[in-house]
Amino acid sequence: MRCVICFEEILPEVTWSTFYKPVEEKKMCSTCASKNEKITVPGCTACFRMDSKGLCRDCLQWQKTSPGVLDGNKSVYAYNAFAKDFVARWKYRGDYVLLEALQEEIQKGLTGDREKQAVYVPLSEEREKERGFNQSKAIIQAAGLQPVSLFQRKHSEKQSKRKKRDRMEAENPFTLIETSPDPVLIVDDIYTTGRTVRHMASLLKAGGCPSVSSFTIFR
Ligand SMILES: [Zn+2]
Ligand SMILES: [Zn+2]
């Protein structure tokens, strides 16, 4: 078995505890695994930012500008150099097998959220064709959950990039097709500013959804 990240051979560790049991197949070598920083104690309890105590500045700001929209975010790993490399390979080169390396921790991270509607972030048709898959849907599937489609994108990501200024001024790129009477969990790869998930959450809340939180692999 080779490491899905660096392709080095993974030597099975044999200890007294593994001696009688079949050795668990690892997808990532210990060097790569050590570069992937797990968020054990989130700094900000609302968004899982690591370098903060209590509510971070962004969350305090969100509380003022869009109170009660997102009921919290959970993430599994820090978005560090390893994570950036991982995401670039996974998303842009379509290396599907990479996600399997994080599958177990993703599933653990979703403990307690499995009853919620796992809603994915839609891509434009153009982008999905180009990439070959939807990253958010892939994470939900890797977690063994059913991806729920409640949104559409208004226009392509390229257009919205061109109009970055407008986008910053809070234009919502999503349209809600259907609301949910049950709690929703929006799943994505990275939580950066939290704007994307709040765009979606605001529409859901306006449509009567009782609770909207988010889950991302990286923060
Ligand atoms: Zn490796
Ligand atoms: Zn925060």
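A: Begin with a term: a residue is called buried when its relative accessible area is under 20%, and exposed when that value is over 50%. The model here is predicted.

Q: How does that apply to Cys 56: is it buried or exposed?

A: Cys 56 has a relative accessibility of 4%, so it counts as buried. Cys 47 is buried too, because its relative accessibility is 1%.

Q: Which residues coordinate the zinc ion (ligand 2)?

A: In general, an N, O or S atom counts as a donor if it lies within 2.8 Å of such a metal. Here the zinc ion (ligand 2) is held by the SG atoms of Cys 44, Cys 47, Cys 56 and Cys 59, at 2.2 to 2.3 Å. Along the chain, these donors are spaced as C-x2-C-x8-C-x2-C.

Q: Why is the site of the zinc ion (ligand 2) called tetrahedral?

A: Four donors count as tetrahedral if all angles lie between 85 and 135 degrees. Among the four donor atoms of the zinc ion (ligand 2), the angles are 106 to 116°, so the site is tetrahedral.

Q: Where is Phe 48 found, and what is its phi?

A: Phe 48 is in the loop between α2 (30-35) and α3 (57-65). Its phi is positive, about 70°, although the residue is not a glycine. Phe 48 also counts as buried, because its relative accessibility is 15%.

Q: What is the phi of Phe 7, and where is this residue placed?

A: Phe 7 has a phi near 65°, a positive value in a residue other than glycine. Phe 7 lies in the segment before α1 (16-19).

How values were computed:
Residues numbered from 1 in each chain as written. Chains lettered and ligands numbered in written order. Predicted model: local features only at pLDDT ≥ 70, side-chain atom pairs only at ≥ 80, totals over all residues. Heavy atoms only, no water. Donors = N, O, S within 2.8 Å, 3.2 Å for Na, K, Ca; no water. Tetrahedral: all angles 85-135°; square planar, octahedral: opposite > 155°, others 65-115°. Buried < 20%, exposed > 50% of the residue type's maximum accessible area, 1.4 Å probe, protein only. Helix = DSSP H or I, 4+ residues; strand = E, 2+ residues; numbered from the N terminus.
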